[in-house]
Amino acid sequence: MTSPDTAQPRAARPAPATGPRPAAGGRPRQTWRPRGTDAVQTTASLAALVLMILVFSVLDAQFRSLDNLVAVVDAAAVLAVVTVGLTFVLLLGAIDLSVEGVIGACALTVALLVANSRTGLDLGVLGVVVAVALGAAFGLASGLLSTRLRIPSFLTTLGVYAIGLGVATILFAGERPIVEDAWLSGWASSKFLGFAVASWVAAGAVLAGWLTQRYTRVGRYAYAIGGAEDIARLSGVPVARYKAAAFAVAGAFYGLGAVMATSQLGSGVVTAGSGLNFSAIAAAVIGGTLLVGGRGGVLQSMIGVFVLTVLQNGLILAGVSPYAQQAVQGVIVVAAVAAATWPVRHRLGVVK
Amino acid sequence: MTGSPPVLSVDGLTKRYPGVTALDGMSFEVRAHEVVGLIGENGAGKSTLLKSLVGLVTPDAGTIRVRGEAVRLRGVAHAGSVGIGMVFQEQSLVPNLTVAENILLGAERSAVRGGVYRWRTMTALAQEQLDKIGSTIDPRARTDTLTFAQRQMVEVAKVLTIEERIASEPVVLLDEPTSVLERDEIATLFAQIERLRKRASVVFVSHRLDEVLEVSDRVYVLRNGRVVAEVDPATVDATDLHHLLIGRESGGSHYHDEAQHDCDGAPVRLRVEKLSTGGCRDVSFDIRAGEVLGVAGVQGSGREDVCRALFGAIRASGGRVTLDDRPFRLGSPRAAVRSGVGYVPSERRTDGIVPPMSVAENLSMAHVGEVCAGPVLQARRERGLVEQWVRRLGIKTPSPQTPIGTLSGGNQQKVVLARWMIDDDLRLLILDHPTRGLDVGAKSDVYALIRDLAAAGCAVLLLSDTLEETIALSHRVVVMKDGEVVTTVETPKGAKPDPVVILEEMV
């Protein structure tokens, strides 16, 4: 044990005299822009995105067409929604590996509740709401498991991932439910102002995510907990409750992502979320929502979503094989994470 | 003021940890609008006392009364609700939130309605708190863009939010508030304390005597977990306080003084020239073989930096170090170990041992080569070596396979020392608070080991919690202040200087 006189609350001791000192009587200029290393990270990922767009545009005339812009945005929709959700978990300094399981369960749920080839149900909007609520319930389960049983989120969400896939497989029952709900199918097929309806849904979800992050206790406390959990607790923040709430918010977004994926696939598929967990974590980190917690946010994560989507789109147009694409994505993620943690690497004493 | 009960009174507060009594019947009181100073050396019980007062430590015995009413504090938030707030030494603000959010964190009141933030209200409420202390800090600024002194002001503003929660005036505890401030910032803080006194009572905890005397109406001197004196700053000076602070421990045998080995004429083992790190500048000294060199200094003097940089645990920005006249590479603990340097860290639990691993594994950790044949660990050889050292140092353990985390602090520390002593070619041992948290008997054993090591020709660099210990064990003491060496004092056997002489250089 540490002796009583040395056991101070472990606040990160900040380096003295950073940042502008206000002149006497004057006020420092106030902005909401991210600062310090956050700003560097966000600027760097934005620059990378712009650079990538420029390079692909020069290389390939097809890339710079308006149709391709629409294609990129539409392709980013599901990943964007899922990444918004995941961002809340990452802000806590936790991790969520349940994404694909939750999406599988929610995808089957929505496919079986709207008009479909297997059940006689035709719940329409209500089916979507139930799927989103189910996602939130899965998230809440992850959150409660890790806060109440004090198990790292890495493991609880891995368990919830398996549970989700199991639920999805049971609901699947050997026969794929084909979606016959014209309204839901229209999310993927109908256009509004040039973009697929699903893209507008995604835009709405991003906005909702940003508002949650900026204006609600769940969002702000996620920053506080990720920034310094012990200090938040000392200040009287009910840390466990708000952690669980942030996981639930994340789950709701996964549920919505599942609905969108189902609309695109035209049927309830157990593996609807395949590959999304990795991509969402990668997108968030590339954008500046670091795994250390309390850094970045929904909008930063969106930069990462577009980095990944543009990259994929550009590689396809350039004729790179899909197998190589995955490897390239992996390399870029590791490089981006290394770059993102570069300014703080000396503080990472032990890396596990 | 007379007649009404004191705002805060502490009576017979006691807290025991295994092997240490941190608080031993501590009693004192704070009256309305009073600034009370608490001084004491490390280990005097200051931190435990403060933690008891904000509910982070539950005392074993004794009572805390707020305005005459006994309270059992359950945590910082609860302490706030009865009117006790603390400005922590290690600051307790969330760096990535705004100043306003930090001030109101956990108690946002009307700034959050139904879980939704109303930023305008939040900024206004935070501004009210900042206005109380006349601060010009922008409540919308992100906290990690502020200077350390500004952050401290934000903490004071945050503590004052408890005024809104209680009907009466709060008690504000300031834990070593000046330890990281510049001179002009300290002046600002003192002005702030004067301002604070109009609306609150203040407890000012520090080991800087002149500061305590300057701001306090009354001063309590703490030693060994209890109040040993209550003094009026008007009638005492720093030297009087020094004597009260250090006290006198009887009998030199505690430190095995007679065993102090003479090292005059021994060759220089370690030579440090102009070592600089984030916390110290141009530090130069040398240690002879068989010499114990103490480094004295208050918190923030940079002495921890010196020894951690020497072992390579933190980075040095400049300096030249030679070991036995050969250049010594800084920055790599592995290189340090290979050239015969050992390090006993101050945080034994986190840096010194691997609690779930066995005594044997912890002991052979730094020199696994001694018990290996090629890459293969030789269990028998390890057992033999470990049993030998367990016997030699009198380590009380059920067996060498017992997880070290279950032993007492003193026995753990002996294992940590043995870890380095098994190296026949140990040339320099850096001891960073080697007796921290140990009881008297274990301390004495550790002292004896240090004497033995020195007698065997090992150079020892010693940082210790108390000045008395430093002086007793060392041949010479280097005094550091504000990151620089201010003087070196000879402390030979039989002619140990008065600690006050060194203390005056430190503060």
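Met86(B) is buried, with 25 other C-beta atoms within 10 Å; a residue counts as buried if 20 or more other C-beta atoms lie within 10 Å of its own, as exposed if 12 or fewer do, and as partly exposed in between, with C-beta atoms placed from the backbone. The model is predicted: local features need pLDDT of at least 70 and side-chain atom pairs count only at pLDDT 80 or more, while totals for chains, interfaces and linings use all residues. Residues are numbered from 1 along each chain as its sequence is written, and chains are lettered from A and ligands numbered from 1 in the order in which they are written.

Met86(B) is found in strand β6 of chain B. Helices (H or I, at least four residues) and strands (E, at least two) are DSSP runs, numbered from the N terminus. Leaving aside neighbours within four places in sequence, Met86(B) is in contact with Leu50(B), Val54(B), Val159(B), Leu173(B) and Asp175(B), where contact requires C-beta atoms, placed from the backbone, to lie within 7 Å. Met86(B) and Leu173(B) are separated by 87 residues in sequence, but their C-alpha atoms are 4.5 Å apart in space. In a regular strand the side chains alternate between the two faces of the sheet. In β6(B), residues 84-87, Ile84(B) and Met86(B) point one way and Gly85(B) and Val87(B) the other way, and all are buried.

Strand β6(B) runs parallel to strand β9 (residues 171-175) of chain B, and 4 bridges join the two; strands pair if DSSP finds at least two bridges between them. Within this pairing, Gly85(B) stands opposite Val172(B) in β9(B). The pair belongs to an open sheet of 6 strands in chain B, with the order β6-β9-β10-β3-β11-β12 and mixed pairing. Because β6 and β12 (226-231) of chain B stand at the edges, each with a single partner strand, one side of each is left without a neighbour in the sheet. The twist averages 20° from one strand to the next. Elsewhere in the order, strands β3 (residues 35-39) and β10 (residues 201-206) of chain B pair in the parallel sense over 5 bridges, and Gly37(B) stands opposite Phe204(B) in β10(B).

Two helices lie across strands of this sheet. Helix α1 (residues 46-53) of chain B lies across β3, β6, β9, β10 and β11 (218-223) of chain B and runs at about 150° to β9(B). Helix α5 (residues 148-160) of chain B lies across β6 and β9 of chain B, at about 175° to β6(B). Axes are lines fitted to C-alpha atoms, for helices over the stretch in contact, and angles run from 0 to 180 degrees between N-to-C directions.

The domain assignment of chain B gives domain 1 (1-83 + 165-180 + 201-249), domain 2 (90-160), domain 3 (257-340 + 425-506) and domain 4 (358-422); such bounds come from an automatic or database domain assignment. The C-alpha centres of domain 2 and domain 3 of chain B lie 43 Å apart. Lys274(B), in strand β13 (residues 268-276) of chain B, has a phi near 50°, a positive value in a residue other than glycine. Lys274(B) is exposed, with 12 other C-beta atoms within 10 Å.

Chain A has 12 helices and 2 strands, in the sequence pattern α-α-α-α-α-α-β-β-α-α-α-α-α-α. Of its 352 residues, 49% count as buried. Among contacts in chain A between residues at least 6 apart in sequence, 77% join residues at least 24 apart.

The axes of helices α2 (residues 66-92) and α10 (residues 276-287) of chain A come within 9 Å and cross at roughly 65°. The helices α2(A) and α10(A) are therefore roughly perpendicular to each other; angles under 35 degrees count as roughly parallel, over 145 as roughly antiparallel, 65 to 115 as roughly perpendicular and the rest as oblique. Residues of α2(A) in the contact include Leu79(A), Val82(A) and Leu86(A), and those of α10(A) include Leu276(A), Ala280(A) and Ala284(A). The axes of helices α6 (residues 182-189) and α9 (residues 239-265) of chain A come within 7 Å and cross at roughly 85°, which makes α6(A) roughly perpendicular to α9(A). The contact is made by Leu184(A), Ser185(A), Trp187(A) and Ala188(A) of α6(A) with Met260(A), Ser263(A) and Gln264(A) of α9(A).
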